[in-house]
Amino acid sequence: MEKKTTEPMCYEACVRKLEQGERLDREQWRTLIDGYSQPRAADLARRAGVLRDRIYGKKVFVRGLIEFTNYCRNDCYYCGIRRSNRKVCRYRLTEGEILSCCRAGYALGFRTFVLQGGEDSYFTDERIVSIVQKIREEFPECAVTLSIGEKKKESYAAFREAGADRYLLRHETADADHYRQLHPPELTLENRITCLRELKRLGFQTGAGFMVGSPGQTTETLIDDMQFLEELQPEMVGIGPFIPHHDTPFREQAAGTLEQTLYLLSLVRLLLPQVLLPATTALGTIAPGGREAGILAGANVVMPNLSPENVREKYLLYDNKICTGKEAAECLEDLKASMAAIGYQVVIDRGDHISYQKERK
Ligand code: 5AD
């Protein structure tokens, strides 16, 4: 009897399969991830752009990012504000300062505020709830996104009850061994995933994601990431290059590349056509025009910095983080111009995930 051998599917067939919303097996993901070439990346970016345009048009959503505390009880090996970094000048914004940031942002046209911070025990659930309520009261037509790490499910429920709409919690890697290479033992992939599932269950528009080129990342861990995203179906995915920070254990490690980040952005757009996908600050940091390139590769969100100017340089997750140019919220006009130059329009809108837009109307 003739032995049945299955030919590995060619690159183009894998792309088509992904575009048709069919599930890829590991080998097919490997074909895509390892099949990188410049012409293929350009083709994938074009196809990702077509898909994004079909769902969200030529709109780019903006979020005002408020980095409200750089105190952190965690010690992630990659992160500049890790607890063991004694050189960081720590700060926290008061509730009043956070609200002032929102006022300035609202006047500029922001309709989503992202409160991002280290895991800072000063900000108890009560304090977070109070901040979220005050923002929602003063700016009822704005969305509030939280990005404050792993919490108990009761805490997440309280934040949701207070009016928080979205939550960002990158999974960082979906491979448990790789997770241990990036984090100290008290942090586990298992708990991270439990948190993400709970956030979804509570009705948060939920964001997962990972760094591209983080130490120990391989094609195999990236396949895990793509399959994890497929299974979780997050409404948002944050992907940016890993960039070493000089006061972390990963100071000598190489940064992720612009090319691979753009390629993965396109793949994520094809995998999750409706996803809210930011062209991240880290992408803008590794290359001039990185964020514009991100939009052209399938991203549809940009998150300018709304933090008070005197604290921006203290929220350094990685070296050379841009914080004075076009990524700053005051320079929204520049951002609008650079997006217009590539055919995109920055809009004054909450910028909800398409399935939540329908629900709200
Ligand atoms: N390079 C790039 N991204 C980083 N982050 C933290 N440290 C770095 C770094 N050195 C990302 C993590 C985290 C998000 C807030 O910032 O993925 O989830």
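Modeller: Strand β2 (residues 64-69) runs parallel to β3 and pairs with it over five bridges; two strands pair if DSSP finds at least two bridges between them. Helices (H or I, at least four residues) and strands (E, at least two) are DSSP runs, numbered from the N terminus. This is a predicted model, in which local features need pLDDT of at least 70, side-chain atom pairs count only at pLDDT 80 or more, and totals for chains, interfaces and linings use all residues. Residues are numbered from 1 along each chain as its sequence is written, and side-chain values use heavy atoms, leaving out hydrogens and water.

Now β3 itself. T69 has G117 of β3 as its bridge partner. Between β2 and β3 the chain passes through helix α4 (residues 95-108), in a right-handed β-α-β crossover. Right-handed means that, with the strands pointing away from the viewer, the path from the first strand over the helix to the second runs clockwise.

Strand β4 (residues 143-147) is also parallel to β3, joined by five bridges. Here V114 has T145 of β4 as its bridge partner. Helix α5 (residues 125-138) carries the chain from β3 to β4, and this β-α-β crossover is right-handed.

Six of the six residues of β3 (residues 112-117) are buried, so the strand is largely enclosed by the rest of the structure. Buried means under 20% relative accessible area (1.4 Å probe, protein chains only). In a regular strand, side chains alternate between the two faces of the sheet. Both faces of β3 are covered: one side has T112, V114 and Q116, the other F113, L115 and G117, all buried.

Notes:
Buried means under 20% relative accessible area, exposed over 50%, partly exposed in between (1.4 Å probe, protein chains only).
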